[in-house]
Every structure is written in structure tokens, then in C-alpha cells.
Amino acid sequence: MAFRNDFGGLLMLLLLALDVSVTSGTNLEPIYWNSLNKRFNDEKGYVLYPQIGDRLDLICPASLPPGPHSTEEYEYYKLYLVSTREQAERCEIIGAPNLLLTCDKPTSDMRFTIKFQEYSPNLWGHEFKTQHDYYIITTSDGTRQGLESIRGGSCQSKGMKVILKVGQSSSGNSTNKGNGENGPLPASNIPIIAGAAGGSAFLLIIAIIIAVVCYRRRQSKHSDTHHPPLSLSTLTSPKRGGNNNGSEPSDIIIPLRTSDSAFCPHYEKVSGDYGHPVYIVQEMPPQSPANIYYKV
């Protein structure tokens with residue numbers, strides 16, 4: 001029981017280390033996707049500079065009940081992730097669409113969270129490469145009838161598109177070369193270093209768990225060697241003397257508790273009227289008190 005408690009505690013530490021290693025990053029300001037968002041009116045588009053490890057929420061505000069970001073009439077959109085500038089500039093979906101979010105519920109907020117990661121544990125998760133640009137566009141026109149459109153829409157008429165410059169900065173460089181060799185670390189390297197530290201902690205905890213398991217097993221084997229089980233041959237050898245003349249085995253007294261931790265072999269005589277006596281052997285848990293004897 002003590003071993004299970006120790007193993008459970010080590011497992012909790014392992015999960016905590018993993019949680020710390022994967023939660024590094026910044027929550028970017030959410031994007032409310034409707035015509036009230038003035039950032040869509042910028043000539044350059046809605047430009048963001050996420051780093052690996054950051055998160056971004058895309059939100060379609062409900063109109064019933066109205067909120068600070070909701071429009072008077074609900075706007076219907078489908079948000080797509082595209083990886084080429086041509087699709088973003090032409091506001092056109094080509095090939096199999098990578099749909100992120102469908103805004104079609106006027107009575108509730110619709111939300112989609114993007115995790116900027118180079119490798120996704122989810123088979124259908126999104127993966128992003130540093131120093132690459134990605135684009136979010138909507139080719140819907142805001143009406144329910146135009147929800148399924150794959151060309152033009154509000155991307156073209158209202159500039160509703162987002163440019164994601166992953167691992168870059170607004171100055172155009174992802175690293176700060178002016179700080180010299182001993183300057184501060186670039187922001188894009190911080191999640192990588194945090195991930196490496198989390199991986200090191202993970203390997204250290206795994207090594208500790210393996211060491212504890214090996215130690216426990218070695219201790220168990222060592223305790224077993226100090227309490228060898230009783231041999232059946234010692235029971236089948238009759239004790240000569242008295243009036244039996246060696247023809248029948250005498251009464252055999254077997255202690256049922258050989259140690260405090262080991263299971264005791266229990267021997268029960270089932271035959272012996274003709275020929276040698278026959279015994280059934282089975283394992284029994286320790287008895288209490290220790291001075292109980294079984295007579296066969």
C-alpha cells in the first residue's frame with residue numbers, strides 16, 4: 001500500500017511538470033468577428049505577430065441578448081485558415097477548405113481558440129511554422145443566405161481578414177540583433193526554452209519512478225529469501241518413536257505464520273490410510289495471533 005501511495009505521488013508530480021511545460025505562452029487579445037471591429041478597416045489588414053506557444057480566440061458575438069461587441073442584426077460567417085497570400089488577396093477558397101469556425105447561432109457566443117504550436121498532439125490539430133505567414137478570411141457576406149459562399153464576401157467588401165506572422169515582430173525581424181551576444185533572449189525562443197526545461201523535468205521524474213520501482217522490487221525479493229517456504233518433504237517424513245513403530249506418520253505441528261509479511265504454505269492431509277500420506281498445499285495469508293498452530 002505504501003508503494004502505491006508513493007507511486008501515486010510521483011505520478012501527480014509528473015502531471016504537474018507536464019502541465020507547466022505546455023502552458024507557456026501568451027493569450028493574445030481576442031478578435032470579435034463582425035463589422036463593428038474597426039481593425040478590419042485598416043488598409044494593411046488585421047496584422048498579428050503571434051509566437052509559438054501563444055493562444056488566440058476568435059469570437060462571434062451573440063446579438064440576443066445584445067452585448068458590447070454585438071451588432072443590431074446578427075452576422076453569419078464562416079472563418080477559414082489559408083496558407084497562401086494569393087487566396088487571402090483574392091478572397092477565395094481553393095481546394096479542401098480549412099474551416100475554423102461557423103458563426104450561425106444568434107443567441108450564444110461562438111468561440112474558437114488557436115494554439116500556435118509547431119507540433120500538435122491532436123491528429124486534426126493545426127500546426128504552425130515559425131517565420132511563416134498564415135491568413136484567416138471569411139468569404140461569407142454576413143447574411144444567412146451567403147453563409148456558404150467561397151468567394152468575395154466580407155473579406156472583399158469589408159476587409160475582414162487577419163494576417164498571422166508567426167514567430168516574427170512588427171519590426172520585420174524575429175530576433176533583436178542590436179542586443180549583442182549576451183543580450184536578452186528573443187521572444188520566439190522563450191517557449192522553446194520553456195519546453196526544453198519541461199522535457200528535462202519529465203525525464204528526471206521518469207528516472208526517479210524507475211529507480212523507486214527497482215528498489216521496491218529488490219527489497220521484496222530480499223525479504224522473500226529470508227523466509228523460505230516449508231518443504232513438503234519434511235512433512236512426509238514420519239517421526240518414529242512411541243507406539244507407532246514407524247508404520248504411520250506422527251502428528252505434525254505446522255506454524256501457520258512464518259513471518260509478518262509473507263504468505264504461509266498451508267498443508268492439509270487428504271489421504272494416508274494406504275501407502276504414503278498425501279497433502280494438499282495452498283497459500284494462506286498471515287494469521288493473528290502468531291501462536292496459532294494447525295494439526296494434521
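Me: Which residue stands opposite L99 in β5?
Reply: In this predicted model, the residue opposite L99 of β5 is Y80.

Me: How do β4 and β5 pair, and over how many bridges?
Reply: Strand β4, residues 77-82, pairs with β5 in the antiparallel sense, and four bridges connect them.

Me: Is β5 largely enclosed or open to the outside?
Reply: Strand β5 spans residues 99-103, and four of its five residues are buried, so the rest of the structure largely encloses it.

Me: What sheet do the strands form, and in what order?
Reply: Five strands make up an open sheet with mixed pairing, ordered β2-β8-β7-β4-β5. The edge strands are β2 (46-48) and β5, each of which pairs on one side only. From one strand to the next, the twist averages 15°.

Me: Which residue in β8 is the bridge partner of Y46?
Reply: The partner of Y46 there is V162. Y46 also belongs to a cluster in which ring pairs link it with W33 and F40.

Me: On to the rings: how many aromatic pairs does the structure hold?
Reply: There are five aromatic pairs. One of them joins Y74 and Y76 in an edge-to-face arrangement, 5.0 Å centre to centre with 85° between the planes.

Me: Are Y74 and Y76 buried or exposed?
Reply: Y74 is buried, at a relative accessible area of 11%. Y76 is likewise buried, with a value of 12%.

Notes:
Residues numbered from 1 in each chain as written. Predicted model: local features only at pLDDT ≥ 70, side-chain atom pairs only at ≥ 80, totals over all residues. Heavy atoms only, no water. Phe/Tyr/Trp six-rings, centres within 6.5 Å; stacked < 30°, edge-to-face > 60°. Buried < 20%, exposed > 50% of the residue type's maximum accessible area, 1.4 Å probe, protein only. Helix = DSSP H or I, 4+ residues; strand = E, 2+ residues; numbered from the N terminus. Pairing = 2+ DSSP bridges. Axes fitted to C-alpha atoms, helices over the stretch in contact; angles between N-to-C directions.
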